[in-house]
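The following exercises are to be worked with the sequence and the structure at hand. Each task is followed by a solution in steps.

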Amino acid sequence: WQLIMENTPAWKLPPGQLVSYFSPLLYAVPLVAFLLARFAIRDRFHDVRLNALLALFLFTAVLGTQGARFLNYFAVPFCLALMWALRRGLTALTRGIKTRTMRLSATAAGALLFVLPLGPLLRDSFNSLPGNLNATLAHLYPTLEWMRDKTPRTSYYLEPELKPEYGVLADFDFGHWITTIGQRPNFCNPFGIGPWHGKAVRESARFFLMEDEAELLPALDKNEIRYVLLYDNENAIPDYALLTGRPLSEYLVDNPGGRPVPTQRYLRTFGVRLALTDGSEHTAGGENIPALDGFRLVHESPESRPRRVPGQEGMIQTSYVKVFERVKGAILEGKTEPGAQVQLKIAVVTNTGRHFDYRSRHLAGPDGTFRFSVPYSSEMVGDVSASAALLEAPHCQIEVALTEAEVTSGALHPVRCR
């Protein structure tokens, strides 16, 4: 949320929010700008150092009005100009004071008036020192190391102007960590929140809000996305709605006295389905949510937390971080009674030892034909293992062992019910 706010033009932010983001000293900007310009003009621009400071001050101030994040650059000339103005002011103030003690007291009072508003900023700076690890990064770090060591290496992950073999989709906030720690190409990162190059950030938000897998998969394949990294995705829906310009009410409904209530659209979003139910078919909010058949879980963090899914009984325990791989899926095709319900179940054991069933369900066509795209092979892949696929239909129960080659190539595997 903070990074998105940083992308907002400073003049669009409420003054209180802008001051909390920057510093209460921001109120001094008009006065400092006036004094700086007044002295530069009075000296007829003869002082090169003062001219350079004024130019840098104005240039970074204009950048800051275009995007609040550029106020970080404005902070340098602003602090220099503020110290210059403080020195000028203290000199003028103490000029008429005769005793040394009074001059020192006046100087100390002026300096204290300058330092006090910096208290929150100094506290935040202390918290960013080595040893004070960001809580999000602490959860992500082991998974990013796994990504570096266990996923196929790529070229050009540090050279964005060149095309790598594949990319990793995640919340744009994690893009730089994927590149520097995971050593893999990110699809989007915080550099993309500028108003002139924010396409990838907005596109990633659109992907996570998609509900139709048939629309999502071609979009991911076009961008050659191979892995999807998820962390706290279910709580990022408001950010994605903001980035895509959609009303938040489509996904969350206000609940007086309690937390917002997710809508059915929220429960159908691609990111939430992977994060909370591993892409398996399930019922939530009284609606059947179909399985996602183009993704398989390849890694999850050992730390987990309880989550409640509306429409489901009790709590579910889900990992903080999950990584899914985009696969074509082996095609299981067979025949049973026309219009009959056919169920698929695969028992999966993750790298943490967690067991879950990947489930999917389809209705046979008018001629009895059924067809499943299956994302898990029966071979051990990395740190996650899966059983043979169990198909159940009227007068039909069969286990099908699928090879890794079939799953990755999208090969057709005919089945004959017994």
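**Exercise 1. Locate Thr-143, state whether it is buried or exposed, and list the residues that it touches.**

Step 1. Thr-143 belongs to helix α8, residues 135–150; helices here are DSSP runs of H or I with at least four residues, strands are runs of E with at least two, and both are numbered from the N terminus. This is a predicted model, in which local features need pLDDT of at least 70 and side-chain atom pairs count only at pLDDT 80 or more, while totals for chains, interfaces and linings use all residues. Residues are numbered from 1 along each chain as its sequence is written, and side-chain values use heavy atoms, with hydrogens and water left out.

Step 2. The relative accessibility of Thr-143 is 0%, so the residue counts as buried. Buried means under 20% relative accessible area, exposed over 50%, and partly exposed in between, with a 1.4 Å probe and protein chains only.

Step 3. Leaving aside residues up to four places away in sequence, Thr-143 touches Leu-229, His-299, Ser-301, Val-321 and Val-323. Contact means heavy atoms within 4.5 Å.

**Exercise 2. Describe the surroundings of strand β2 and identify its pairing with β1 and β10.**

Step 1. Strand β2 spans residues 225–231; 6 of its 7 residues are buried, so the strand is largely enclosed by the rest of the structure.

Step 2. Strands β1 (residues 167–169) and β2 run parallel and are joined by 3 bridges. Two strands pair if DSSP finds at least two bridges between them. Across this pairing, Leu-169 stands opposite Val-228 in β2.

Step 3. Strands β2 and β10 run antiparallel, with 5 bridges joining them. Val-228 has Phe-324 as its bridge partner in β10.

**Exercise 3. Which residues touch the most other members of the largest nonpolar core?**

Step 1. A nonpolar core is a set of buried Ala, Val, Leu, Ile, Met, Phe, Trp, Tyr and Cys residues joined through side-chain atoms within 4.5 Å. The largest such core has 64 residues, and Leu-169, Phe-270, Phe-295, Leu-332 and Leu-391 touch the most other members.

Step 2. A second, separate core holds 21 residues, among them Leu-13, Leu-54, Leu-71 and Leu-82. In soluble globular proteins, nonpolar side chains tend to be buried together.

**Exercise 4. Give the strand order of the open sheet of 3 strands and name its edge strands.**

Step 1. The order is β14-β11-β18, and the pairing is mixed.

Step 2. The edge strands, each pairing on one side only, are β14 (369–374) and β18 (412–414).

Step 3. Strand β11 (residues 330–335) pairs with β18 in the parallel sense over 3 bridges. Within that pairing, Leu-412 in β18 is the bridge partner of Ile-331.

**Exercise 5. Where does Pro-338 lie, and which residues does it touch?**

Step 1. The loop between β11 and β12 (341–349) contains Pro-338. Its relative accessibility is 55%, so Pro-338 counts as exposed.

Step 2. Pro-338 and Leu-363 are 25 residues apart in sequence, with a C-alpha to C-alpha separation of 8.3 Å.

Step 3. Beyond four places in sequence, Pro-338 touches Ala-364, Gly-365, Pro-366, Asp-367 and Gly-368.

**Exercise 6. Examine the positive phi values of Phe-45 and Glu-224, residues other than glycine.**

Step 1. Phe-45 has phi near 60 degrees and is found in the loop between α3 (29–42) and α4 (48–66). With a relative accessible area of 45%, Phe-45 is partly exposed.

Step 2. Glu-224 has phi near 55 degrees and is found in the loop between α11 (213–222) and β2. Its relative accessible area is 30%, and Glu-224 is partly exposed.

**Exercise 7. Summarise the chain and the confidence of the prediction.**

Step 1. The chain has 15 helices and 18 strands. Of its 418 residues, 44% are buried.

Step 2. The average pLDDT, the predictor's confidence in each residue from 0 to 100, is 86 for the chain, and 88% of the residues score at least 70. Confidence is lowest in helix α1 (residues 2–6), with a mean of 58, and highest in strand β10 (residues 321–326), at 97.
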